[in-house]
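My entries follow in the order I made them.

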Amino acid sequence: MYRQSVLEGIVNFFVGLAELILGLRVVFLFLSANPNLAFVNWIYKTSDTLISPFRGIFTPQAIGHGHILDITALFAMLMYALFGFLLGALLRALSGGDHSKKSS
């Protein structure tokens, strides 16, 4: 029971971190953030790794002057959330069910 909740917490942490990085990428590209700044550049490089399995499925869409909607990053966010949900469900199933309910 304890090991399952720890593993589920680890999965949730890494999925949340991936979601945060990809979400920042979407916002930075949409708002035309300066890629020469260290933090913005780090987000772009890190998120490139996260979206690489999904690259080529969709093309980024230009919206107005300099604004880009990165549909691939949005799709990657959806897939990582789904993967995290399924992995959490698998961990719960392997541990014998839902232990989040408190006994009376």
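I noted an angle of about 120 degrees and axes 9 Å apart. Axes here are lines fitted to C-alpha atoms, for helices over the stretch in contact, and angles run from 0 to 180 degrees between N-to-C directions. Helices are DSSP runs (H or I, at least four residues) numbered from the N terminus.

Before going on I noted that this is a predicted model, in which local features need pLDDT of at least 70 and side-chain atom pairs count only at pLDDT 80 or more, while totals for chains, interfaces and linings use all residues. Residues are numbered from 1 along each chain as its sequence is written, and side-chain values use heavy atoms, with hydrogens and water left out.

I then listed who touches whom between α1 and α2, contact meaning heavy atoms within 4.5 Å. From α1 come A18, I21, L22, L24, R25, F28 and L29, and the α2 side includes F39, W42, I43 and L50. I sorted the residues of this contact into 13 nonpolar, 2 polar and 2 charged. For that sorting Ala, Val, Leu, Ile, Met, Phe, Trp, Tyr, Cys and Pro are nonpolar, Asp, Glu, Lys and Arg charged, and the others, Gly among them, polar.

Next I took α1 against α3, where the angle is about 175 degrees and the axes are 9 Å apart. That makes α1 roughly antiparallel to α3. Among the α1 residues that meet α3 are L7, V11, V15 and L22, and among their α3 counterparts are A76, Y80, G84 and G88. This contact has 13 nonpolar, 4 polar and 4 charged residues.

Which residues have the most contacts inside the largest nonpolar core? I found L22, L50, A76 and Y80, in a core of 16 residues. Such a core is a set of buried Ala, Val, Leu, Ile, Met, Phe, Trp, Tyr and Cys residues joined through side-chain atoms within 4.5 Å. Two or more residues each come from α1 (2-30), α2 (38-51) and α3 (71-94), and α1 gives the most, with 6.

Leaving aside neighbours within four places in sequence, A76 is in contact with L22, I51 and F54.

My last entry is T72, in helix α3. With neighbours within four places in sequence left aside, T72 is in contact with I51, F54, R55 and F58.

Definitions and conventions: Buried < 20%, exposed > 50% of the residue type's maximum accessible area, 1.4 Å probe, protein only. Parallel < 35°, antiparallel > 145°, perpendicular 65-115°, else oblique.
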